[in-house]
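This briefing is for a reader meeting the structure for the first time. It covers the overall layout, the charged surface and the salt bridges.

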Amino acid sequence: MTLKRNRTPQEKKALSLKRDCRQSYFASGQKGARKSIPLRKALENRRNRHKNDQALVVALEGGDLALDLAESSARHDVYRAGGWVKGPDRPLGEAINLQERKREIRVGRKERARTARS
């Protein structure tokens with residue numbers, strides 16, 4: 001039986017910064033992403049259903065071979081391939097570094113703008 005090694009707080013923090021993720025889909029904030037990700041998924045699903053329905057209507061007029069082809073493509077989600085995919089989240093360490101860089105850019109911007117105007 002192997003014993004689990006206790007980690008130091010510094011090791012725990014380094015693991016946390018590498019393993020934990022923050023959502024990088026929206027730079028503006030969490031609320032926009034919380035609403036827009038389900039919306040984008042729903043719109044993509046509606047688009048796929050609409051294409052399948054159109055293909056079936058055309059196939060009904062075309063005959064048995066066309067109907068079999070449309071049914072097969074609908075069953076195998078042919079239209080779903082290459083659709084919208086949410087981007088991967090960014091590790092917490094990267095998110096914190098990005099936040100610090102943005103903060104450095106923002107600090108003193110009013111003074112820089114005033115000196116540039118005069």
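Of the chain's 118 residues, 11% count as buried; buried means under 20% relative accessible area, exposed means over 50%, and partly exposed lies in between (1.4 Å probe, protein chains only). The model is predicted, so local features need pLDDT of at least 70 and side-chain atom pairs count only at pLDDT 80 or more, while totals for chains, interfaces and linings use all residues. Residues are numbered from 1 along each chain as its sequence is written, and side-chain values use heavy atoms, with hydrogens and water left out.

**Layout**

- The chain holds 5 helices and 2 strands, where helices (H or I, at least four residues) and strands (E, at least two) are DSSP runs numbered from the N terminus.
- Along the sequence, these elements follow the pattern α-β-α-α-β-α-α.
- Asp68 is located in helix α3 (residues 64-75) and is partly exposed, with a relative accessible area of 47%.
- From C-alpha to C-alpha, Asp68 and Leu56 are 9.3 Å apart in space, and they are 12 residues apart in sequence.

**Positive patch**

- A surface patch of positive charge gathers Lys102, Arg103, Arg106, Arg109, Lys110, Arg112, Arg114 and Arg117.
- Such a patch is made of residues with over 30% relative accessible area and no salt bridge, like charges being joined within 9 Å; Lys and Arg count as positive, and the place of a charge is taken as NZ of Lys or CZ of Arg.
- Helices α4 (92-106) and α5 (109-117) each supply at least two residues of the patch, and α5 gives the most, with 5 residues.
- Arg112 is in helix α5 and counts as partly exposed, at 45% relative accessibility.

**Salt bridges**

- The count comes to 3 salt bridges, each being a side-chain nitrogen of Lys or Arg within 4 Å of a carboxyl oxygen of Asp or Glu.
- Arg5 and Glu11 form a salt bridge through their side chains (3.2 Å, N to O); Arg5 is exposed, with a relative accessible area of 57%, and Glu11 is partly exposed, with 31%.
- Arg47 forms a salt bridge with Glu44, their closest N and O atoms being 2.7 Å apart.
- Arg47 and Glu44 are 3 residues apart in helix α2, which means that about one helical turn separates them.
- Glu44 is buried, with a relative accessible area of 12%, whereas Arg47 is partly exposed, with 43%.
- Lys86 forms a salt bridge with Asp89, the closest N and O atoms being 2.7 Å apart; Lys86 is partly exposed at 28% relative accessible area, and Asp89 is partly exposed at 35%.

Note on methods
Patch = residues over 30% accessible without salt bridge, like charges linked within 9 Å, V, L, I, M, F, W, Y side chains within 5 Å. Areas by Shrake-Rupley, 256 points an atom, 1.4 Å probe, with all protein chains shown as cover.
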